[in-house]
Amino acid sequence: KDGYKTFGIVLRSYSMRESDRLVTVLTQDLGKVKIGIRGARKIKSRLGGHLQILNHVLLFVSSGTTLDIVSGAEAKESFGLIKQDLSLLAKSLYLMELTDAIIPESVPQMKSYHCLLSVLRSLNSHCDPNLISIYYELNILQDNGYMPELYRCITCGTEVTQGRHSFAALQGGVVCHECNGLSFSTRSLSVEALKILRFFSKSSLDKVTELRVNADQYYEVKNLLGELITNVLEKKLNAPNFIEHLNSIRSNQEVLL
């Protein structure tokens with residue numbers, strides 16, 4: 001192949017040499033790819049502005065022996081509302097970091113691509129960012145083969161009925177009341193949180209944004225998914241700490257007011 005064109009979402013951007021950039025893009029049909037942009041950091045660069053992080057772009061790419069190079073780019077959506085709101089931007093950058101960390105290179109990921117695009121559009125149109133981010137976390141785990149078991153006990157295999165249960169992040173699923181306290185660490189799992197996870201796993205984003213979830217339920221699901229993601233990646237991501245820092249600053253400001 002001499003070159004190709006594809007739609008993509010810019011996940012990450014690195015400086016390279018004196019004026020070049022390297023971008024990581026989740027494409028519609030090729031999966032996650034790294035592409036070079038020559039002269040992107042020069043003031044007169046026509047391509048640099050189109051390839052900012054979060055942008056949804058149409059890319060024209062020339063194939064190279066070691067690295068493919070962007071020959072043309074056209075930003076289709078730049079999600080201006082997200083970029084003007086620091087907390088929305090922080091959440092969106094976390095989703096970019098998570099996507100980059102969990103998706104392998106050059107494996108077609110059309111479902112993850114469309115899910116991420118839908119999520120960015122929802123974040124950019126005043127939908128609940130907390131619900132959207134945990135919906136995306138569960139779906140990207142699901143799309144990449146890390147879906148937690150939500151219907152059967154991961155220890156004894158019996159179907160989980162409504163009641164008090166636990167969740168084992170390391171083993172990736174629900175532990176029934178009878179099996180809790182065996183040799184691995186678990187966290188308690190409320191009936192509501194389990195219902196939310198099951199609903200998220202089989203519903204469209206439109207349905208999810210209509211849901212009403214209280215703060216306790218949100219934090220329970222958020223912490224559970226955070227632990228699951230840390231176990232899958234075998235490392236902690238940077239962005240959640242930044243988000244917590246922003247939230248603490250905001251809380252302090254509200255106290256001062």
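Start at a turn: Gly172 takes a positive phi near 80° in the hairpin of β6 and β7, which has four residues between its strands. This is a predicted model, so to speak of local features a pLDDT of at least 70 is needed, side-chain atom pairs count only at pLDDT 80 or more, and totals for chains, interfaces and linings use all residues. Residues are numbered from 1 along each chain as its sequence is written, and side-chain values use heavy atoms, with hydrogens and water left out.

**The chain as a whole**

- The protein chain has eight helices and eight strands; these are DSSP runs numbered from the N terminus, with helices being H or I of at least four residues and strands being E of at least two.
- Of its 257 residues, 44% count as buried (buried is under 20% relative accessible area, exposed is over 50%, and partly exposed is in between, with a 1.4 Å probe and protein chains only).
- Take the contacts (heavy atoms within 4.5 Å) with a separation of 6 or more: residues 24 or more positions apart account for 58% of them.
- The chain exposes about 13,600 Å², and carbon and sulfur atoms supply 50% of that; accessible areas come from the Shrake-Rupley method with a 1.4 Å probe, and for residues only the protein chains shown count as cover.

- β6 pairs with β7 (residues 173–175) in the antiparallel sense over three bridges (two strands pair if DSSP finds at least two bridges between them).
- Ala168 has Gly173 as its bridge partner in β7.
- Three bridges also join β6 to β8 (residues 187–189), and these two strands run antiparallel.
- Here Ser166 has Ser188 as its bridge partner in β8.

**Salt bridges**

- The whole structure holds seven salt bridges, each being a side-chain nitrogen of Lys or Arg within 4 Å of a carboxyl oxygen of Asp or Glu.
- Arg12 and Asp100 meet through their side chains at 3.6 Å, N to O. That pair links distant parts of the chain, with Arg12 in β1 (residues 3–16) and Asp100 in α2, 88 residues apart.
- Asp100 is buried at 11% relative accessibility, while Arg12 is partly exposed with a relative accessible area of 40%.
- Arg12, Lys32 and Asp100 are linked in a network of salt bridges.
- Arg121 and Glu77 form another salt bridge, at 2.9 Å from N to O. Arg121 lies in α3 and Glu77 in β5 (residues 68–77), so this pair ties together parts that are 44 residues apart in sequence.
- Arg121 counts as partly exposed, at 40% relative accessibility.
- Arg187 forms a salt bridge with Glu227, and their closest N and O atoms are 2.7 Å apart. This one also links distant parts of the chain: Arg187 is in β8 and Glu227 in α7 (residues 215–233), 40 residues apart.
- Both ends are partly exposed, with Arg187 at 27% relative accessibility and Glu227 at 28%.

**Helix α2 and what follows it**

- Ser92 sits in α2 (residues 86–102) and is buried, with a relative accessible area of 0%.
- Beyond its neighbours within four places in sequence, Ser92 is in contact with Leu54, Ile82, Leu120 and Leu123.
- Pro104 is in the loop between α2 and α3 (110–123) and is partly exposed, with a relative accessible area of 40%.
- Again setting aside neighbours within four places in sequence, Pro104 is in contact with Lys32, Gln109 and Asn144.
- Pro104 and Asn144 are 40 residues apart along the chain, yet their C-alpha atoms are separated by 9.0 Å.

**The second largest pocket**

- About 260 Å³ of space lies in the second largest pocket. Its lining takes in 13 residues, of which Arg12, Leu93, Glu97, Asp100 and Asn238 lie nearest its centre.
- β1 and α2 are the elements that give two or more residues to this lining, and α2 gives the most, with five residues.
- A pocket here is an open set of points on a 1 Å grid over the protein atoms alone, where a 1.4 Å probe fits, with protein on both sides within 12 Å along at least five of seven lines; lining residues have an atom within 4 Å of a point.
- For the volume, grid points are joined across faces, edges and corners, and the space filled by probe spheres set on the points is what counts.
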